[in-house]
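Subject: Structure handover and notes

Hello,

Here is the structure I promised to pass on. Please open it next to this message and follow along.

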Amino acid sequence: MNTSSTITKMYILFISTLCNVFLFVSRTSCTNDSEKSTNTFYDGVPKILAEFVLDDNTYFTHLTYDKKRNLLYAGATNRIFQLDMDNIKLIHEVKTGPKLDSPQCHTGGCSQDDIETYEANNHNKILIYNDVGDTLIACGSVYQGACQIYYLNGRFPDSSKYIEVALAANDEFSSTYAFIGPSKYQAWKKEDILYVGTTFTNVGDYRHDVPAISSRKLDDLDYAEFSIQQSNINIDVKYRDHFLVNYMYGFNSSEYAYFVVVQKKSHLADEAGFVTRLARICVNDPNYDSYTEVTISCLVDGEDYNIVRDAKITQAGTKLSQDLGLKKDDFVLVAVFSPSKEITNEPQNNSAMCIYSLIEIEEIFNENIHSCFNGSIKDRNLGYISGTINDGKCPNVGSIGNIFSFCQVGLKISGVTPIVSRSLFVFQNESVTSVTTANTGPHTLAFLGTNDGWIKKVLLSGSAAGEYEKIEVDPGTKILTDTMIAPRNDFLYVLSTKKIIKISIEHCSTFLNCSSCLESRDPFCGWCSLEKRCTVRSACQKDTSTSRWLSISTGQQCIDFENVSPDNIPINQMATVNLIIRTLPELPYNAKYKCVFGNSTPIDANVTNEGLICRTPPISKRPSISVSSDHILVPLSVRSSETNKDFVSRNFAFYDCSRHETCVNCLRSRWGCNWCVYDNKCVYKTSSCRNSGNISNSESMCPHFKKKSRTILLPNKVPKEIKLEIENLPRPQSAHTGFLCTVNIEGAHMVLPARVESNKYVVCEKTPK
């Protein structure tokens, strides 16, 4: 009895559903459930943490760092500032000008009454912190470029000493560059000294006393050696008025001190134009006899960008070393150049970066020296330098004997073979005025300042090399060469002519997902996978493996599911889920991974070679499926017990086949449901059907009306049978009482007995009047 009534009910539903499908097919539509969202994580405006601004018509020239007190000193027109590094607040200020001065006055002042003096601005030319002596050396343009030494162990600036030494250029724009480096003038003594390069100004009678390059003691700025030997070199008096040398940068490497200079191609009138050169002195040469010059070229598509704008020496990181074929931590010179405007030394508005290994530089210098000593060239070509050796002629081959070190013989050679590099990066229509370098992880990068107030962040190494960010820090204002990075590589102190600006070296926290973090190409940033945030490496807790902190340096992709099997199960079924996860980090001892299905209690997961496996949550703990749906999606996340954060997630589906009441809807669902024809129900497991011989698992097997070429019409108030041809009509089973038709006519609902004819027709009895 129960079986018969169930079967009867099934066929009533079946006919009714077919009619409804037939009537409403024209209203079927497709919807797209996918949603796409985009987010902007960084708007291009830098976060300026602090700044110090000059509020008058003066300008900055230098910035230096006191590492003992973690302070900054800034040199400007007529002033020197002592600044706090945290917020760049003024601590103390020294007024260095204007001063009553005249080009005719000596460093000690004007002793003669007949010399007319005037209020002269004191432009800061040298500002260097001497960490050995704990002093600040400051030289200006007044009093023939004299200096002041400030003793920082006392109260700045109260404890200081004026040095009556003409050292710096005594006008506003002529160059002076100084740096502290080692000397070995006595075999038993190695000490730091001040190397100074100064452009000749011819402003006053005393300028001929100022050498082009000299070595100075740090305590009193006297010549480091000035007895029989003299630690300086001069441009010959015949040429120094017009053969002007601009000193752009200086550094020490191994046994040599170098200056990067811009000067005329020749001291003679027959060759016009300018060139960038490296000038070198051996640090154990107190007489500067080892002085040598070599041209350094940066080529852009065959064109020589001949004017250096700035340069810095740095150690090459792992990737840059690999790119250049060097050993890790070998030194390189990173320099930016521009082509000159015609035959002047004025740069055009294009720039390029070239990198030179110090090994290559030393090899080219030695090659040029060998050419002189082996007879390849006959002349030393350094006629514009005072004190030529052997009348400027190269020695006869073999006349000197075995040479164990070129620092032990007289050189004074201008090399004919240049140091050449092809540009690594070219910046069209951009005037780059400063370069500041840094290393992080295996990467080397540069911060380039422009003439109009921008900072360009450039990765120098690896497959992602190139500019990765450009930020405006001081619109329309030139960025100066003393821009520096904080000792911990966390902040950049940008020096422009009008401001000192502190900005963060990175803004990792603004990247809110792994993809945007890695796509930023910022070598300081990486995805802290178990904490699910973009950070610098030091901020990623317990970073014990590369998969915990993913960055461009690791070459790894973001942690994600490669496969979840199964990724859907029936709502009332338990299962074990296999999670294949890319680059799953290792956990420390006693830590666990857990699977989290929506809001259910986290479930311990077991680690496999490919990822994790975990059980689904208990059936009673699963969420309910809404009445209008056949499934519910919940986030399946993986959580680390170490951080208690979900670091990877995707949707997991619980579904219910029984929500479908027709065969077509059942088999159209994406869950692989089956239709039990005689039970008139949708199930996941076919074993749930009482009659396994008639189970539909494809839409074409469902019982359905055969398509008619014309509409069935019923006469009004005239009883008439309705004959319907059915495909896949199920055969009645034992105890089956037959078929019923449900008919809706203008809102009137009726149930009519039906009979089967020829095993394919269902004939509904006559409709009542």
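Below are my notes, grouped by topic.

**Ground rules**

This is a predicted model, in which local features need pLDDT of at least 70, side-chain atom pairs count only at pLDDT 80 or more, and totals for chains, interfaces and linings use all residues. Residues are numbered from 1 along each chain as its sequence is written, and side-chain values use heavy atoms, with hydrogens and water left out.

**Confidence**

pLDDT is the predictor's confidence in each residue, from 0 to 100. The chain averages 88. A score of at least 70 is reached by 92% of the residues. Residues 1-45 stay under 50. For that stretch the model has 45 contacts beyond four places in sequence (contact means heavy atoms within 4.5 Å). Where pLDDT is low, the predicted coordinates should not be read in detail.

**Disulfides**

A disulfide is a covalent bond between the sulfur atoms of two cysteines. Here the rule is a pair of cysteine sulfur atoms within 2.5 Å. By this rule the count is 15. Three of them are described below. Two more terms are needed for that. Helices (H or I, at least four residues) and strands (E, at least two) are DSSP runs, numbered from the N terminus. Buried means under 20% relative accessible area, exposed means over 50%, and partly exposed lies in between (1.4 Å probe, protein chains only).

- Cys 517 and Cys 534 are joined, S to S 2.1 Å. The link is right-handed, with 65° about the S-S bond.
- Cys 528 is in strand S34 (residues 526-528), while Cys 540 is in the loop between S35 and strand S36 (549-550), 12 residues apart. Cys 528 counts as buried at 1% relative accessibility. Cys 540 counts as buried at 5%.
- Cys 595 and Cys 614 are joined, S to S 2.3 Å. This link is left-handed, with -95° about the S-S bond. Cys 595 is in strand S40 (residues 593-597) and Cys 614 in strand S43 (residues 611-615), so the pair ties together parts that are 19 residues apart in sequence. Cys 595 is buried at 0% relative accessible area. Cys 614 counts as buried at 3%.

**Arg 207**

Look in the loop between strand S13 (189-198) and strand S14 (213-216) for Arg 207. Which side chain of opposite charge is nearest to Arg 207? It is Asp 171, 7.6 Å away. Lys and Arg count as positive, Asp and Glu as negative; His and the chain ends are not counted. Arg 207 is buried yet has no salt bridge (a side-chain nitrogen of Lys or Arg within 4 Å of a carboxyl oxygen of Asp or Glu).

The side chain of Arg 207 does make a polar contact with the side chain of Thr 201, at 3.2 Å. A polar contact is a pair of N or O atoms within 3.5 Å; within protein, one must be able to donate a hydrogen and the other to accept it, and residues adjacent in sequence count only if both atoms are side-chain atoms. The backbone oxygen of Gln 144 lies 3.0 Å from a polar atom of the Arg 207 side chain. Leaving aside neighbours within four places in sequence, the contacts of Arg 207 include Ala 166, Asn 170 and Phe 200.

**Tyr 468**

Tyr 468 lies in strand S30 (residues 466-472). At 12% relative accessibility, Tyr 468 counts as buried. Beyond four places in sequence, its contacts include Leu 445, Val 458 and Phe 524.

**Backbone details**

- Gly 97 and Pro 98 are joined by a cis peptide bond, omega about -5°. Pro 98 is in the loop between strand S5 (90-95) and strand S6 (99-101).
- Ser 565 and Pro 566 are joined by a cis peptide bond, omega about -10°. Pro 566 lies in the loop between strand S37 (560-565) and strand S38 (568-570).
- Tyr 288 is not a glycine, yet has a positive phi of about 60°. Tyr 288 is buried, at 0% relative accessible area.
- Asn 590 has a positive phi near 80°. At 60% relative accessibility, Asn 590 counts as exposed.

Best wishes
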